[in-house]
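Colleague: Please pick one part of this model and take me through it closely. I want the packing of its elements, the residues that do it, and the cut-offs behind each term.

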Amino acid sequence: MKASLMITCLGDALFPRVGLAAVNVLRALGVAVDFPATQVCCGQAAFNSGYRAEARRSAEAYLRAFAASEHVVSISGSCAAMVRHHYPGLFAGSTLEADAGALAERTYEFSQFLTDVLNVDRLPARYDARVTLHHSCHTLRMLGVKDQPERLLSMVEGLEYVPLARADECCGFGGTFALKMAPISASLVDDKADAVLETGAEVLTGLDMSCLMNIGGRLRRRGARMRVKHLAEILAEGWQG
């Protein structure tokens with residue numbers, strides 16, 4: 001099976017280690033992974049701010065970059081959701097409508113690809129730590145990804161999974177929302193940080209580095225020493241195969 005990595009803007013600029021971790025896990029599972037060097041922003045930031053024409057220009061370049069990809073695997077659930085749920089409507093009535101729909105159908109979030117496409121039911125991984133999981137808004141509500149990361153965590157030997165209270169509540173990031181509505185955003189992430197700390201976990205994980213960056217930043221400012229890692233990092237670091 002072949003897959004192309006969608007690194008995302010945040011992954012490319014700030015968290016390249018997450019992309020590398022995802023590639024290592026996918027290749028260890030027998031997937032031939034490539035990286036389209038011409039990939040650009042999926043257009044989500046512009047789209048969410050109401051700039052549909054600008055979002056469409058980014059999306060057109062994105063369509064070209066992944067046109068030949070058998071599958072596209074994203075390390076961000078929100079970016080995968082942009083392609084899967086908004087691209088068909090964004091290009092409705094245009095000559096690119098069919099291409100957008102086809103790409104949407106073969107685009108997946110990382111944990112979703114492992115469980116729903118590769119049908120992974122066991123992992124040669126060990127990670128000795130208490131781990132809790134935050135469910136990002138777009139990943140949970142738009143992609144319906146909830147059980148997938150929990151199932152993968154349950155396959156890791158030595159890992160103690162600690163459910164997070166109100167795990168489905170927003171962390172306050174929301175892309176440009178955190179900038180436009182800073183006081184509300186700060187209140188939301190404080191509530192989320194409280195819930196994370198109450199678990200007594202050593203590691204916070206999730207499927208979107210944007211959310212993890214937001215929560216992790218608040219935890220650090222409050223003096224907490226909790227490690228914050230994308231699910232792909234946990235699997236890659238614990239891989240023993």
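Modeller: Start with the geometry: axes are lines fitted to C-alpha atoms, for helices over the stretch in contact, and angles run from 0 to 180 degrees between N-to-C directions. Helices (H or I, at least four residues) and strands (E, at least two) are DSSP runs, numbered from the N terminus.

This is a predicted model, in which local features need pLDDT of at least 70 and side-chain atom pairs count only at pLDDT 80 or more, while totals for chains, interfaces and linings use all residues. Residues are numbered from 1 along each chain as its sequence is written, and side-chain values use heavy atoms, with hydrogens and water left out.

Two packed helices are described by the angle between their axes and the distance between the axes.

Take the helix pair H4 and H5 to begin. The axes of H4 (residues 52-65) and H5 (residues 77-90) cross at roughly 110° and come within 11 Å. That makes the two helices, H4 and H5, roughly perpendicular. H4 brings Arg 52, Ala 55, Arg 56, Ala 59, Tyr 62 and Leu 63 to the contact, and H5 brings Val 83, Tyr 87, Gly 89 and Leu 90. Contact means heavy atoms within 4.5 Å. By class, the contact of H4 with H5 counts seven nonpolar, one polar and two charged residues. The classes are simple: Ala, Val, Leu, Ile, Met, Phe, Trp, Tyr, Cys and Pro are nonpolar, Asp, Glu, Lys and Arg are charged, and the others, Gly among them, are polar.

Now the helix pair H2 and H7. H2 (residues 16-28) packs with H7 at an angle of about 10°, and their axes are 11 Å apart. H2 and H7 are therefore roughly parallel. Ala 22, Val 25 and Leu 26 of H2 meet Phe 110, Phe 113 and Leu 114 of H7. By class, that contact of H2 with H7 has six nonpolar residues, no polar and no charged ones.

H7 (residues 110-117) lies across S1 (2-6), S3 and S4, and runs at about 105° to S4.

The sheet itself is open, with four strands in the order S2-S1-S3-S4 and parallel pairing. Its edges are S2 (32-34) and S4 (107-109), each pairing on one side only. Neighbouring strands are turned by 35° against each other on average, direction ignored. Two strands pair if DSSP finds at least two bridges between them. Strands of a sheet pair through backbone hydrogen bonds, either parallel or antiparallel.

Go through the pairings. S1 and S2 are parallel and share three bridges. There, Ala 3 stands opposite Val 33 in S2. S1 and S3 also pair in the parallel sense, over three bridges. Here Ser 4 faces Val 72 in S3 as its opposite. Three bridges join S3 (residues 72-74) to S4, again with the strands parallel. Val 73 has Tyr 108 in S4 as its bridge partner.

S1 is largely enclosed by the rest of the structure, because four of its five residues are buried. Buried means under 20% relative accessible area, exposed means over 50%, and partly exposed lies in between (1.4 Å probe, protein chains only).

Gln 39 sits in the loop between S2 and H3 (44-48). Gln 39 is buried, at a relative accessible area of 14%. A polar atom of the Gln 39 side chain lies 3.1 Å from the backbone oxygen of Pro 36. Leaving aside neighbours within four places in sequence, Gln 39 is in contact with Leu 5, Met 6, Ile 7, Thr 8, Ala 65 and Phe 66.

Finish on H7, with Asp 116. Asp 116 is partly exposed, at 42% relative accessibility. Its side chain makes a polar contact of 2.9 Å with that of Thr 115. A polar contact is a pair of N or O atoms within 3.5 Å; within protein, one must be able to donate a hydrogen and the other to accept it, and residues adjacent in sequence count only if both atoms are side-chain atoms. Beyond four places in sequence, Asp 116 is in contact with Gln 148 and Arg 151. Asp 116 and Gln 148 are 32 residues apart in sequence and 8.1 Å apart in space, C-alpha to C-alpha.

Technical notes
Angles under 35 degrees count as roughly parallel, over 145 as roughly antiparallel, 65 to 115 as roughly perpendicular and the rest as oblique.
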